[in-house]
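Dear colleague,

Please find the structure below, handed over for your study.

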Amino acid sequence: MLEKMKSMEHEAGSRRRFLRRGFGWIILGAMAYPLFRFLGFRVPRKPVHVRIEKELGLRGFALEHEFILFANQDGAWAVSRRCTHLGCTLAFDEAARLLVCPCHHSQFDMSGKRLAGPAQRDLAVYPVEKAPEGSKGYIVTL
Ligand code: FES
């Protein structure tokens with residue numbers, strides 16, 4: 001009888017330990033989630049396709065809200081207009097052929113490469129496809 005009670009106590013203690021540990025892992029996971037978010041763990045977002053329904057000349061460009069689309073004899077490419085310093089929207093200096101930040105004057109070339117200023121990284125470059133046969137323009141994937 002005494003042995004059976006000890007065995008039951010041992011089982012209950014083991015179950016309690018198991019539940020306590022499981023609960024501890026849940027609490028730890030709940031606390032770690034914001035930390036992962038803070039450290040840059042990102043859920044990949046769905047690509048957005050933007051259609052530009054105009055043809056660009058050889059030195060042409062199309063200024064859109066999120067990107068600038070360029071074209072030359074080799075093809076078309078799109079560069080983000082978000083400055084990599086603090087996120088201001090870049091302007092395009094057509095004469096100098098440069099993307100210039102109005103906030104702290106970082107400069108980028110037309111391929112998105114950083115040339116000057118406090119920004120430390122190059123701009124994002126987005127893939128561009130020619131619109132399907134029978135329609136004009138480009139499709140930019142953000
Ligand atoms: S936000 Fe563009 S240089 Fe600072």
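**Strands and sheet**

Strand β7 (residues 107-108) is joined to β8 by 2 bridges, and the two run antiparallel. Within this pair, Gln107 has Ala116 of β8 as its bridge partner. Please note that this is a predicted model, in which local features need pLDDT of at least 70 and side-chain atom pairs count only at pLDDT 80 or more, while totals for chains, interfaces and linings use all residues. Residues are numbered from 1 along each chain as its sequence is written.

An open sheet is formed by 4 strands in the order β5-β6-β7-β8, with antiparallel pairing. Its edge strands, β5 (91-93) and β8 (114-116), each pair on one side only. Strands are DSSP runs (E, at least two residues), numbered from the N terminus, and two of them pair if DSSP finds at least two bridges between them.

**Nonpolar core**

The largest nonpolar core has 18 residues, and Phe67, Leu69 and Phe70 are among those with the most contacts inside it. Such a core is a set of buried Ala, Val, Leu, Ile, Met, Phe, Trp, Tyr and Cys residues joined through C-beta atoms within 7 Å; buried means that 20 or more other C-beta atoms lie within 10 Å of the residue's own, with C-beta atoms placed from the backbone. At least two residues of this core come from each of β3 (67-72), β4 (75-80) and β11 (138-141). The most is given by β3, with 5 residues.

**Domains**

The domain assignment, which is automatic or from a database, gives domain 1 (1-44) and domain 2 (49-141). Their centres, taken over C-alpha atoms, are separated by 51 Å.

Yours sincerely

How values were computed. Buried ≥ 20, exposed ≤ 12 C-beta atoms within 10 Å, placed from the backbone.
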